[in-house]
Amino acid sequence: MSVMASSAPAASRGLNPRAVRMIEAILIPIGALVVSALLFSIFLILLGKSPAQFFNLIWVGGFGSAFSIQNTLQRSAPLILTGLAFAIPARIGLTLLGAEGALVLGGFTAAAIAIPLVTGGWPAFIGLPIMAATAMATGAAWIGIAGWLRHYRGVNETISSLLLGYIAIAIMNFFVEGALRDPGSANKPSTMPIGDAYRVGPIPGTSVHWGLAAGIILAVLLYILMTRTTFGFAARMTGGNVRAAQAQGLPVGFLVVACCAIAGACAGLAGFYEVAAVHGQANASLVAGYGFTGILVAFLARQNPLAVVPVAIMFGALAAAGGLVQRRMGMPDATVLVLQGIIFVVLLVSETFYGRIPFLQPKTGERT
Amino acid sequence: MNHSELFIVLIAMIGGAIRVSTPFMFVALGETLTEKSGRINLGLEGNLVLGAMVAYAGSYTTGSAWLGVLMAGCSGLVLGAMHGYICKLPKVNDIAVGIAFMSFGTGLAFFFGKPYIQPLAPKLQAIPLGFWSSDPNIAQALQVNPLFFVGIALAIFMWWALANTRWGLIVRMTGDSAASARAMGVSVDLVRLLATAVGGFMAGVGGAFLSLYYPGSWNEGLSSGQGLMAVALVIFARWDPIKCVYAALLFGAAGALGPSLQSIGISQGYYFFNAAPYILTLFIMIASARSKSAAREVPGELSLAK
């Protein structure tokens, strides 16, 4: 009854609740970005730097030339995948921060399994799929552990997934400094290089690696999975109310672990591309913070797999322009981190405005 | 490994436990206070890193390590107060805000910390409690920093104050049932804001220990998740300040395992032993989740408990 009463006036004003939600989901994050930019400008002015120059450099460094656009896309590829790795479990109500660990471990296992494949002389069209599958399986298992512990043991998934991240990095260091170390890598311990034959080339006509295409395809597939299938409906229902989902007989445990495994597979795939397309071997360069930026990407995209893509490209541009800002304005590389931190905080503050923007709300009767 | 080597490892682990445990202790005590008031602050890792940077910079500019500690605490206080204020807004998720503050605090620390990576700042001086022994290993292990004792005193004070004072009662009531606190005329938001801010202060002081005593310099890899492990440790310690001290010592010993074994020449698996605290935390979380006593002692308003 109350639903009827509140939605009828809104409909008479040409705004149905679904449209209102969509408008909010676009307006509020953009508003948060604008406010963040203003706050960051104040920060720059206090430091005696020019905000106009900063934002101009971000634009030039991110999208100003064909080279910078390709650089941006290159950096956004892992962010799409790690953004998806946060967004999918978020739909089922989990706050999982395990993408960093799954990316590192996925990349490492891909590089490790490449060693016997390369020495055994297997062709790349067999070897690369094996590497990718290994990376995805490792990532899926790694984040799957956090989901399993959450559902069957009641362990807080946020903390456990972060701890698993540190353990993943320790595992990679253990092998990279020991059994699997390439004797030629003196200053930066690494695994044996996978070799040119096993390198994933760029998308034809560009210098961007195939990870970007994989990320976009996965984003579309996961959007369909989460919004158009029974699985997605059940997962979202579980995210809304676990007890109601259990009462309906939904396989909650399976759904939780499956969503986590999907997330881990995405992050592991990002690790595969970092190894096979960017670094050519596994080493500490894999620990680049992609997993953590992915969290911010997913929050800004409101956990919508399709929206993850443009948001990831935006943060890819920010990362691509970081070096230019560093050189031209004499600011440390952590500048981007400060900006990201401000965006993150403002974005979460903006959550409070959902359903509370005055002109979007239906008039409820005569009470004011 | 013969007897004297085992002895060296044990002494090194005890010494390491005392050294490494202090930041855990401060963060865990701060988190205990915050969680007792019914809110969780996952962002104390950010307070820890920012505190470490501010302490080092403060000590370098003022020439007094203790002023640096105070400034670190104040930086933590500001971050904590911001967290507390934001979380009182409707529809804002305190766990997500914690993640945001983790990255915000770390970003600020890295940004302003760049000029302080090279210079040497005055450090906190240790109290040589091992003076009675001629064994250099013991003397080394019993170099205890005064902040360690401050932490223990704070734990005892918090334990007493939470149980016996009006303020302690208000904090516990807010954490267990916001509705009854409101019925008593207590401003729930204000209590939580203050508890989060003071908790943030403590975490900042813990960060000062990292940069001003052990490891004793400022760099970007200074904290490796201590702030986060301390949050997990609070669950293990059942929101009891005294147990926080024991838990911190246990974690310190686990963290000292790798370096102690290295001191007698066992360096194989160094990286694996470095992961010991994380693995220990994970197993403790698995063991303590869903236990009946934990369910009884968790503050009722905590989102962790729901």
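**Close-up views of a two-chain model**

**Figure 1. B:Pro215 lies in the loop that joins H9 to H10 in chain B.** Helices here are DSSP runs of H or I with at least four residues, and strands are runs of E with at least two, numbered from the N terminus. The model is predicted; local features are described only at pLDDT of at least 70 and side-chain atom pairs only at pLDDT 80 or more, whereas totals for chains, interfaces and linings use all residues. Residues are numbered from 1 along each chain as its sequence is written, and chains are lettered from A and ligands numbered from 1 in the order in which they are written. The bond linking B:Tyr214 to B:Pro215 is a cis peptide, its omega being near 0 degrees. Most peptide bonds are trans, and most residues other than glycine have a negative phi. For chain B, the mean pLDDT (the predictor's confidence in each residue, from 0 to 100) is 89, with 97% of residues at 70 or more. The complex receives an ipTM of 0.91 and a pTM of 0.90 from the predictor.

Figure 2. B:Lys91 is exposed because 12 other C-beta atoms lie within 10 Å. The class is set by the number of other C-beta atoms, placed from the backbone, within 10 Å of a residue's own: 20 or more for buried, 12 or fewer for exposed, and in between for partly exposed. The loop between H10 and H11 of chain B holds B:Arg238. With 17 other C-beta atoms within 10 Å, B:Arg238 is therefore partly exposed.

**Figure 3. Helices H10 and H11 of chain B pack against each other.** H10 (residues 226–236) and H11 (residues 241–263) of chain B meet at an angle of about 130 degrees, and their axes are 9 Å apart. H10(B) is therefore oblique to H11(B). Axes are lines fitted to C-alpha atoms, for helices over the stretch in contact, and angles between N-to-C directions run from 0 to 180 degrees. Angles under 35 degrees count as roughly parallel, over 145 as roughly antiparallel, 65 to 115 as roughly perpendicular and the rest as oblique. The crossing of H10(B) past H11(B) is right-handed. H10(B) contributes B:Met229, B:Leu233, B:Val234 and B:Phe236 to the contact, and H11(B) contributes B:Cys244, B:Ala247, B:Ala248 and B:Phe251. By class, this contact comprises eight nonpolar, no polar and no charged residues. Ala, Val, Leu, Ile, Met, Phe, Trp, Tyr, Cys and Pro count as nonpolar, Asp, Glu, Lys and Arg as charged, and the others, Gly among them, as polar. A crossing is right-handed if the near helix is turned clockwise from the far one by less than a right angle, and left-handed if anticlockwise.

**Figure 4. B:Leu257 is a residue of helix H11 of chain B.** B:Leu257 counts as buried because it has 21 C-beta neighbours inside 10 Å. Apart from neighbours within four places in sequence, B:Leu257 is in contact with B:Met13, B:Phe273 and B:Ala276. Contact requires C-beta atoms, placed from the backbone, to lie within 7 Å. B:Pro241 is 16 residues from B:Leu257 in sequence, and their C-alpha atoms are 25 Å apart.

**Figure 5. Helix H7 of chain B carries buried residues.** Within H7 (residues 166–176), B:Ile170, B:Val171, B:Met173, B:Thr174 and B:Gly175 are buried. The cover over the buried residues of H7(B) includes helix H1 (3–36), helix H6 (146–164), helix H8 (178–183) and helix H9 (188–212) of chain B.

**Figure 6. In chain A, helix H8 packs against helix H11.** H8 (residues 211–228) and H11 (residues 252–279) of chain A form an angle of about 165 degrees, with axes 10 Å apart. H8(A) is therefore roughly antiparallel to H11(A). The crossing of H8(A) past H11(A) is right-handed. A:Gly211, A:Ala214 and A:Leu218 of H8(A) meet A:Cys266, A:Leu269, A:Ala270, A:Tyr273 and A:Ala277 of H11(A). This contact has seven nonpolar residues, one polar residue and no charged residues.

**Figure 7. A:Glu100 belongs to helix H5 (residues 99–119) of chain A.** A:Glu100 counts as buried because it has 29 C-beta neighbours inside 10 Å. Residues up to four places away in sequence aside, A:Glu100 touches A:Gly165, A:Gly291 and A:Phe292.

How values were computed:
Two residues are in contact if their C-beta atoms, placed from the backbone, lie within 7 Å.
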